[in-house]
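Reader: I've got a model open on my screen and a few things I'd like to ask. Could you walk me through it?

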Amino acid sequence: MFLNCLNLEEKKMFLELAFYVANVDGDFAETEHDMMNIYRSEMMLGESEYKIQNTNITKILEFFENSSTKIQHFVFVEIIGIVLADEK
């Protein structure tokens, strides 16, 4: 919904954040994988265009801390999708 408004670097960092959130419980569920694919599709940033780097969460948060409030809101709204994806 909002991910296409992000620039390339923001998209990459969003994917890093989404991957971190999906794995925080130690279980990368199929529904979370599906959600990652939905995110990638919306951003037109497939696995061949960007590979997850397992960026440190502190670096991710610092990156978005320096983003505009509008971008922060977009990220917050979109990340809820993967938080709820595995229904845990």
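Reader: Which residues form a nonpolar patch on the surface, and what is their accessible area together?

Author: Keep in mind that this is a predicted model. The patch on the surface is made of Met1, Phe76, Val77, Ile80, Val83 and Leu84. Together their accessible area comes to about 590 Å².

Reader: Is valine 83 buried, partly exposed or exposed?

Author: Valine 83 sits in helix α4, which covers residues 69–85. Buried would need under 20% relative accessible area, and exposed over 50%. Valine 83 has 38% relative accessibility, so it counts as partly exposed.

Reader: Which residues of α4 make the contact with α1?

Author: Helix α1 runs over residues 8–23, and its axis comes within 10 Å of the α4 axis, crossing at roughly 35 degrees. The crossing is right-handed. On the α1 side, the contact uses Glu10, Phe14, Leu17, Ala18, Val21 and Ala22. On the α4 side, the residues are Ile71, Val75, Glu78, Ile79, Ile82 and Val83.

Reader: Is isoleucine 60 buried or exposed?

Author: You'll find isoleucine 60 in helix α3, residues 57–65. The cut-off for buried is under 20% relative accessible area. Isoleucine 60 comes in at 0% relative accessibility, so it counts as buried.

Reader: What is the separation between the C-alpha atoms of isoleucine 60 and leucine 17?

Author: Leaving aside neighbours within four places in sequence, isoleucine 60 is in contact with Met13, Glu16, Leu17 and Thr55. Leucine 17 is 43 residues away from isoleucine 60 along the chain. Their C-alpha atoms are separated by 6.6 Å.

Key: Residues numbered from 1 in each chain as written. Predicted model: local features only at pLDDT ≥ 70, side-chain atom pairs only at ≥ 80, totals over all residues. Heavy atoms only, no water. Patch = residues over 30% accessible without salt bridge, like charges linked within 9 Å, V, L, I, M, F, W, Y side chains within 5 Å. Areas by Shrake-Rupley, 256 points an atom, 1.4 Å probe, with all protein chains shown as cover. Salt bridge = Lys/Arg side-chain N within 4 Å of Asp/Glu carboxyl O. Helix = DSSP H or I, 4+ residues; strand = E, 2+ residues; numbered from the N terminus. Buried < 20%, exposed > 50% of the residue type's maximum accessible area, 1.4 Å probe, protein only. Axes fitted to C-alpha atoms, helices over the stretch in contact; angles between N-to-C directions. Left-handed = near helix turned anticlockwise from the far one by under 90°. Contact = heavy atoms within 4.5 Å.
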